[in-house]
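Please look over the sequence and the model below before reading on.

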Amino acid sequence: MGGELQNLVLDWSIALASLLYSHGVGMFIAQGTTRFLALFPVIYLFVSLPLNLYSMFCVGPTSFFMSWLGSFKLMLYAFGQGPLSSHPSLPLSHFISTACLPINITRNQKHPSRKITKKSPKDYTPRVLLFIIAIKMFDFKDHLHPILVTCLYAYYLFFILELLLAIAGWFARITVGVEIEPQFDEPHHATSVQNFWGKRWNLMVSGILRPTVYQPARTIFSYLVPERWVSVPAIFSTFLVSGIMHEMIFYYLGRLTPTYEVTWFFIVHGLWVGTEVVVKKTMDRRFDPPPAVTRPLTLTFVILTSFWLFFPPLLRIDPFGRACREAMAMAGFFKHGQQLSPNEYQCPLM
């Protein structure tokens, strides 16, 4: 673990130096192609950073924060768009935290782009209790139906992702002293798949994909498709790019030959969201089912397609067993200075 931690410090030190350079580029080079060419080596570096790492705890945040979100933010910054672009320019501390963390700083505190709900600790109590129950249920996983076991994995994934994003937001809040826009908005209340991805699930990603993929694709397809339907191929393009980026992260995590199941997961969802848009525009308000109907249907579609295409490649990586063993190896390293491989530990949950 000691060598892995050194590699992590090295990677993030290089990323920090690269962001200092990028901030300087923005001050001296006008937005456009020249700035993009000046930033391209940094973008390439960000995409390559996880190849120096192997631990789930190191690869996961680095690939998501830097290789995907960070590189996309820099592409937008090159053309004067996105969360890194501001007039006047962002202070260096805001620039770095926004570039390397999955956050979006609220520029207008009185009128934020999304309604910010401040949650008290009691709001998280049910989720923590469910997480504890899910862990306890693993003692009996050999007697549980495989679908139920996959549901437990799914809840672990959601809980850990929300926790990771909350920690990143908390860190930015205490170090930079700014308000952070929320990352989730009750995904289980989604009334359509479009509503789930666009307004409720991992909002930082949808906020980045919109200007980097959806809007340029919409402009390109406007020359080929009537204005009424131009959003449909633009939506599909956005989901396709999202699938490719998820495939990249899965490769970094497991170093397994890609099966493209994750990409197909997002292709299926892109086709479904495009269909929703066509139906809504064709039917207008004549087809408007109540939330009591649309919410369970939306969740059912998301869950079934996740079991079909998303979770199989994820579980082949063995993320939860590896994370457990790595946590024990890290604890052993800090407690005893042991340089043991995570594979030498037996996870009590697996």
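## Basis of the report

This is a predicted model, in which local features need pLDDT of at least 70 and side-chain atom pairs count only at pLDDT 80 or more, while totals for chains, interfaces and linings use all residues. Residues are numbered from 1 along each chain as its sequence is written, and side-chain values use heavy atoms, with hydrogens and water left out.

## The chain as a whole

The chain holds 12 helices and zero strands, where helices (H or I, at least four residues) and strands (E, at least two) are DSSP runs numbered from the N terminus. Of the 350 residues in the chain, 47% are buried; buried means under 20% relative accessible area, exposed means over 50%, and partly exposed lies in between, with a 1.4 Å probe and protein chains only.

Among contacts in the chain with a separation of 6 or more, 69% join residues 24 or more positions apart, a contact being heavy atoms within 4.5 Å.

## The largest nonpolar core

A nonpolar core is a set of buried Ala, Val, Leu, Ile, Met, Phe, Trp, Tyr and Cys residues joined through side-chain atoms within 4.5 Å. The largest one has 67 residues, and F46, F64, W68, W197 and F310 are the members that touch the most others. Helix α3 (residues 56-78) gives the most to this core, with 13 residues.

Leaving aside residues up to four places away in sequence, F46 touches A15, S18, L19, M66, S67, G70, S71 and L74.

Helix α9 (residues 231-254) has 24 residues, which at 1.5 Å a residue should span 34 Å, and its end C-alpha atoms are 35 Å apart, which agrees; the expected span is 1.5 Å times one less than the number of residues. This helix is mostly covered, since 18 of its 24 residues are buried, and α9 is followed by R255, whose phi is positive, near 55°.

The axes of α9 and helix α10 (residues 261-283) come within 8 Å and cross at roughly 160°, axes being lines fitted to C-alpha atoms, for helices over the stretch in contact, with angles from 0 to 180 degrees between N-to-C directions. That makes α9 roughly antiparallel to α10, a label for angles over 145 degrees.

M27 is found in helix α1 (residues 2-28), and M27 counts as exposed because its relative accessibility is 54%. M27 and S89 are 62 residues apart in sequence, and their C-alpha atoms are 8.0 Å apart in space.

Terms used: Angles under 35 degrees count as roughly parallel, over 145 as roughly antiparallel, 65 to 115 as roughly perpendicular and the rest as oblique.
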